[in-house]
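User: I'd like a close look at one part of this model, please. Pick a stretch and talk me through how it sits with its neighbours.

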Amino acid sequence: MHGLLHLDSQILLWLQEMVRTPLLTKFFTFFTQLGNSGALWIVLALLMLCHPRTRRAGWCALIAMLLGLLCTNVVLKHLVQRTRPWHILHDLLPLVREPDPNSFPSGHTTAAFAAGVAWFRTLPWRWARNGALVLAVLMGFSRLYVGVHFPTDVLAGAIVGTLCAILALRLTRRHFLRHLPPL
């Protein structure tokens, strides 16, 4: 476990020293804040509910994100109680404020992958499916770039989000949406 924490730490410090630039900092600081409370993904999912071709994608993403919220913010963060990286790595400068003291797993990444994987499987356009995954990966990377999560936090968030999306896909495929009235 000590070796994994060391690798996690080295990756964050390397990103800070070798990858951070003023332009990337502006972009990733802005982008990561779009994920606060799942706002970006929720807005996109709600917009998808307005169109018949994307309605299942919207419902599926909302269900997946709700499952992810329960798994991550209600259960796992409180069970694991991993501290944020800057409390351990005194050379790390976080670029955004993060009021939640618990780091594992990344809630932003969980929401991004819950929505992104749901959309990857349900959206009718290839460019949109691929774009959903790119946005999810960018959100996970943004959490590393701004220094508020360890890489294993982000990896765990991606796994939890993906599993929640798979469950939501099964729920919506079988019978859940047949009983919902159209908007």
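Analyst: Let's start at Ser 37, which is exposed, with a relative accessible area of 74% (exposed means over 50%, buried under 20%, partly exposed in between, using a 1.4 Å probe and protein chains only). Ser 37 lies in the loop between α2 and α3, and its phi is positive, about 60°, although it is not a glycine. For context, most residues other than glycine have a negative phi.

A word on the ground rules. This is a predicted model, where local features need pLDDT of at least 70 and side-chain atom pairs count only at pLDDT 80 or more, while totals for chains, interfaces and linings use all residues. Residues are numbered from 1 along each chain as its sequence is written, and side-chain values use heavy atoms, leaving out hydrogens and water.

Helix α3 (residues 39-49) packs with helix α4 (residues 55-80) at an angle of about 145°, with their axes 7 Å apart. Here the axes are lines fitted to C-alpha atoms over the stretch in contact, and angles run from 0 to 180 degrees between N-to-C directions. The crossing of α3 past α4 is left-handed, that is, the near helix is turned anticlockwise from the far one by less than a right angle.

Who touches whom? On the α3 side you have Trp 41, Ile 42, Ala 45, Leu 46, Met 48 and Leu 49, and they meet α4 residues including Arg 55, Trp 59, Leu 62 and Met 65 (contact means heavy atoms within 4.5 Å). The residues of this contact divide into 11 nonpolar, 1 polar and 1 charged; Ala, Val, Leu, Ile, Met, Phe, Trp, Tyr, Cys and Pro count as nonpolar, Asp, Glu, Lys and Arg as charged, and the others, Gly among them, as polar.

Next, α4 by itself. Its 26 residues reach 36 Å from first C-alpha to last, close to the 38 Å expected at 1.5 Å a residue (1.5 Å times one less than the number of residues). There's a kink of about 30° in α4, centred on Thr 72, taken as the angle between axes fitted to the seven residues ending there and the seven starting there. Thr 72 is also among the buried residues of α4, as are Arg 55, Leu 62 and Met 65.

Gln 81 belongs to the loop between α4 and α5 and counts as exposed at 55% relative accessibility.

Key. Helix = DSSP H or I, 4+ residues; strand = E, 2+ residues; numbered from the N terminus.
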